[in-house]
Amino acid sequence: MQNMWAPWRMEYILSKKENNGCVFCLNSFNPELTEEDEKRLVVYKGGRVFVMLNRYPYAAGHLMVIPFRHCMDITELSEEERNELMEIISLSCKAIRRVCRPDGINMGINLGKAAGAGIADHLHAHLVPRWEGDSQFIAVVADVRLIPERLETMQKTFALAFKEIMD
Ligand SMILES: [Zn+2]
């Protein structure tokens, strides 16, 4: 599979400014989403793992499931973190189905730059909604960034979907 994130990777890396310079490290672990979380497109926070929209998505509704703790490899996670990662991946699939009504979902984790990880030093799982016959469509739109307003709306929609699923 070609690397869909390559065109924007440098811009993404250069725009990071949070605490240790990692775009996936949060400043607040409170389950309540802060204004900063919303700006960063975080849609759900669990106890050890959170979910954010990909700002440079492969498709609309492309989520990333990320441990709070800054570590690069799945083998570095504690048992609790690994379990919660899987739990929240499953929860995120529910949210994607609720919001995007896809025909399928791609799930994947790239470990290391050689495997295609754009941000290799903080583990993250990708969830990409897919629709029947979308492969050509995605090849075209993969080069087009979603407008910021669209991402803001998606953030609100997904945050609400997670809330509803948890109720
Ligand atoms: Zn980090």
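Is Arg98 buried, partly exposed or exposed? At 41% relative accessibility, Arg98 counts as partly exposed, where buried means under 20% relative accessible area, exposed over 50%, and partly exposed in between (1.4 Å probe, protein chains only). Here is the rest of the picture. This is a predicted model, so local features need pLDDT of at least 70, side-chain atom pairs count only at pLDDT 80 or more, and totals for chains, interfaces and linings use all residues. Residues are numbered from 1 along each chain as its sequence is written, and side-chain values use heavy atoms, with hydrogens and water left out.

**Overall layout**

- The protein has 5 helices and 5 strands; helices (H or I, at least four residues) and strands (E, at least two) are DSSP runs, numbered from the N terminus.
- Reading from the N terminus, the elements go α-α-β-β-β-α-β-β-α-α.
- Of the 167 residues in the protein, 46% are buried.
- Take the contacts (heavy atoms within 4.5 Å) between residues at least 6 apart in sequence: 60% of them join residues at least 24 apart.

**The sheet and the helix on it**

- The 5 strands make an open sheet in the order β1-β2-β3-β5-β4, with antiparallel pairing; two strands pair if DSSP finds at least two bridges between them.
- β1 and β4 (104-109) sit at the edges with a single partner strand each, so one side of each has no neighbour in the sheet.
- From one strand to the next, the twist averages 20°.
- β3 and β5 run antiparallel and are joined by 3 bridges; Met64 has His126, in β5, as its bridge partner.
- α5 packs on the sheet, where it touches β1, β2 and β3, and its direction makes about 20° with that of β1. For such angles, axes are lines fitted to C-alpha atoms, for helices over the stretch in contact, and angles run from 0 to 180 degrees between N-to-C directions.

**Nonpolar cores**

- The largest nonpolar core holds 25 residues, and Val51, Leu63, Val65, Phe158 and Phe162 are the ones with the most contacts inside it. A nonpolar core here is a set of buried Ala, Val, Leu, Ile, Met, Phe, Trp, Tyr and Cys residues joined through side-chain atoms within 4.5 Å.
- At least two residues of this core come from each of β1 (42-45), β2 (49-53), β3 (63-67), α3 (79-100), β5 (125-130) and α5 (148-166).
- α3 gives the largest share of this core, with 8 residues.
- There's also a second, separate core of 12 residues, with Val42, Met64, Phe68 and Ile119 among them.
- Setting aside its neighbours within four places in sequence, Phe162 touches Val43, Tyr44, Val51, Leu63, Leu91, Ser92 and Ala95.

**Aromatic pairs**

- The whole structure has 3 aromatic pairs. Rings of Phe, Tyr and Trp (its six-membered ring) pair if their centres lie within 6.5 Å; planes under 30 degrees apart count as stacked, over 60 as edge-to-face and the rest as tilted.
- Tyr44 and Phe162 are stacked, because their ring centres are 5.1 Å apart and their planes are at 15°.
- Tyr44 is in strand β1 and Phe162 in helix α5, so this pair ties together parts that are 118 residues apart in sequence. Both Tyr44 and Phe162 are buried.
- Phe50 and Phe68 form another stacked pair, at 5.9 Å centre to centre with 20° between the planes.
- Phe50 belongs to strand β2 and Phe68 to the loop between β3 and α3, 18 residues apart; Phe50 and Phe68 are both buried.
- Ring pairs also bring Phe29, Phe50 and Phe68 together as a cluster.

**Salt bridges**

- There are 6 salt bridges, each defined as a side-chain nitrogen of Lys or Arg within 4 Å of a carboxyl oxygen of Asp or Glu.
- Back to Arg98: its side chain meets that of Glu164 in a salt bridge (3.0 Å, N to O).
- With Glu164 in helix α5 and Arg98 in helix α3, the pair ties together parts that are 66 residues apart in sequence. Glu164 is partly exposed, at a relative accessible area of 37%.
- Lys45 pairs with Asp37 in a salt bridge whose closest N and O atoms are 2.5 Å apart, and both Lys45 and Asp37 are buried.
- In the salt bridge of Glu36 with Arg40, the closest N and O atoms are 3.3 Å apart. Glu36 is partly exposed at 31%, while Arg40 counts as buried at 9% relative accessibility.
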